[in-house]
Amino acid sequence: MTEIAPLAARLRSYKDRSGMSFDTLAKRTGVSKSSLHRYCAGIKVPHKYAPIHAMAEACGASSAELQELHRLWALGNFTDALTADSSETVCVDSITHMQNVRASCFSFYLRARAQFHTLRLWRICVPVLIISLCAVSYFAFSATKFQHQGSNNGITYYKNAQPVSVQIYNVERGCRDRQDRIPACSMGLARDPQRKYDADNVVAHRVWHNDTLITDCVVYDGDRVADETGVGTTRWFRIALSDVPGGHAWLPAIRTHDNPALPRCK
């Protein structure tokens with residue numbers, strides 16, 4: 001067969017190049033003299049590559065030559081399996097038909113491999129897609145929940161905002177270290193961030209160090225407020241509250257160490 005001939009020719013060239021006889025090669029490889037002769041004559045291809053490799057290695061074949069030899073053996077072994085011998089009969093009428101069979105097998109292999117990779121890709125992508133959809137649904141639900149909550153208990157949230165929490169920070173150490181909530185350590189929230197931050201512009205709701213509040217938007221041009229150390233800001237967070245008129249009040253950013261990403265209040 002034409003597919004076996006290249007393998008046989010390559011083996012003969014290695015043997016001739018080494019100058020060794022079949023007897024010597026048989027002793028060095030452990031492969032019988034008759035088998036080596038059949039391999040070099042193109043009469044037979046071993047079902048395992050080991051005898052071919054042993055012979056070529058004994059003849060001094062390089063790594064590149066061994067790789068090429070393995071390719072030729074695989075091709076020859078495939079052809080030999082389709083060739084009738086003493087134990088089997090194969091219904092192959094011509095070389096052309098045999099090549100068509102081989103091409104069909106290779107095509108089937110490629111399709112199977114593509115389907116495998118596609119299946120594996122779907123096994124990865126589908127969970128990711130589900131998780132992503134769940135995350136989007138969760139945040140959409142959260143936004144709706146906050147808006148509905150505002151309509152139920154008097155809290156009004158900024159439209160399409162994602163409310164986040166901020167924690168109150170009192171710069172006065174004496175107040176930070178206290179466990180009781182004495183009025184002297186409380187802080188007021190403003191009714192209007194644009195007006196002067198004084199006793200006439202605060203809601204009744206008081207906050208203390210480490211209290212957690214919910215905010216949904218920010219303004220950057222409010223009344224400038226400075227803390228006890230002289231650090232000031234014109235940035236104010238809108239705070240959602242259920243116990244004040246309008247459902248919200250305003251916290252100067254100087255009263256927290258948190259810096260959430262929020263939309264501008266309109």
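**Reading the labels in this predicted model**

Student: Why is Tyr197 called partly exposed?
Tutor: Its relative accessible area is 21%, and because buried means under 20%, exposed over 50% and partly exposed in between (1.4 Å probe, protein chains only), Tyr197 counts as partly exposed. The model is predicted, so local features need pLDDT of at least 70 and side-chain atom pairs pLDDT 80 or more, while totals for chains, interfaces and linings use all residues. Residues are numbered from 1 along each chain as its sequence is written, and side-chain values use heavy atoms, leaving out hydrogens and water.

Student: What makes Trp236 buried?
Tutor: Trp236 has 0% relative accessibility, and therefore counts as buried.

Student: How many aromatic pairs are there?
Tutor: Rings of Phe, Tyr and Trp (its six-membered ring) pair if their centres lie within 6.5 Å, with planes under 30 degrees apart called stacked, over 60 edge-to-face and the rest tilted; by this rule there are 2 aromatic pairs.

Student: How do you know that the charged end of Lys15 sits over the ring of Phe22?
Tutor: The rule asks for NZ of Lys or CZ of Arg within 6 Å of the ring centre and within 35 degrees of the ring normal; the charged end of Lys15 is 4.5 Å from the centre of the Phe22 ring and counts as sitting over it.
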